[in-house]
Amino acid sequence: MITSSFQASVAVCALVILHVSALDTFIAAVYEHPVLRPKATETPVSRDDALLHMNKNIDILERAIQQAAAQGAQIIVTPEDALYGWKFTRETIFPYLEDIQDPRVAWIPCQDPHRFGDTPVQARLSCLAKNNSIYVLANIGDKKPCNSHKSTCPPNGYYQYNTNVVYDAKGQLVARYHKAIFQSVTKISAVI
């Protein structure tokens, strides 16, 4: 089991690298920035407020993605928690989460943003990858509904995962790595 975020990112990158094509070499960019964090994380915000906050951070990432692509990078790895920050509870992080599909569904959120419900963050990341012809690895929260009558299902009826996703240069979701469920399960899904 992969336990550290660095090792997890390396594992996801390795999967993507295998998919980048049969190139002998490639150019990768790793980007870090001070994440814009919400003022308080003790009480839940509305979904609209969460999206407003995440879009401010995506605006910053957009410039980095454009710059990396302009310099010839074929993949960019963005920071941990770069979209929303950290120090949340299960309840306060929920408005920031989206349902991230298994990559085997062959989905390009940029072209079909409503195929799987409310996914504006995934659509924007997909469009950034597609419009700049670059693979984008980003960290985002995932939520999966569960049967609240099962003993492992949390009271709100959702498993929540800290997740790395990868969009290819066409904007297709090609990898999803559930780094952590707040009950210690690790799972990687990828299309290679």
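A138 stands opposite V165 in strand β4, where strands are DSSP runs (E, at least two residues) and helices are DSSP runs (H or I, at least four residues), numbered from the N terminus. The model is predicted: local features need pLDDT of at least 70 and side-chain atom pairs count only at pLDDT 80 or more, while totals for chains, interfaces and linings use all residues. Residues are numbered from 1 along each chain as its sequence is written, and side-chain values use heavy atoms, with hydrogens and water left out.

**Strands β3 and β4**

- Strand β3 (residues 135-145) pairs with β4 in the antiparallel sense over 10 bridges; two strands pair if DSSP finds at least two bridges between them.
- Strand β4 (residues 158-167) is largely enclosed by the rest of the structure, because nine of its 10 residues are buried.
- Buried means under 20% relative accessible area, exposed means over 50%, and partly exposed lies in between (1.4 Å probe, protein chains only).

**Aromatic rings**

- The charged end of K143 sits over the ring of Y158, 5.7 Å from its centre; this term requires NZ of Lys or CZ of Arg within 6 Å of the ring centre and within 35 degrees of the ring normal.
- Five aromatic pairs are found in a search of the whole structure; rings of Phe, Tyr and Trp (its six-membered ring) pair if their centres lie within 6.5 Å, and planes under 30 degrees apart count as stacked, over 60 as edge-to-face and the rest as tilted.
- Y84, F88 and Y96 are linked into a cluster by ring pairs.

**Salt bridges**

- The whole structure holds nine salt bridges according to the search, each being a side-chain nitrogen of Lys or Arg within 4 Å of a carboxyl oxygen of Asp or Glu.
- R47 and D118 meet through their side chains in a salt bridge (2.8 Å, N to O).
- R47 belongs to helix α2 (residues 47-70) and D118 to the loop between α3 (90-93) and α4 (120-132), so this pair ties together parts that are 71 residues apart in sequence.
- D59 and R124 form a salt bridge whose closest N and O atoms are 2.5 Å apart.
- Because D59 lies in helix α2 and R124 in helix α4, the pair ties together parts that are 65 residues apart in sequence.
- D59 counts as partly exposed at 32% relative accessibility, and R124 counts as partly exposed at 21%.
- R104 and D102 also meet in a side-chain salt bridge (2.6 Å, N to O); R104 counts as exposed at 65% relative accessibility, whereas D102 counts as buried at 17%.
- Salt bridges that share partners join R47, E98 and D118 into one network.
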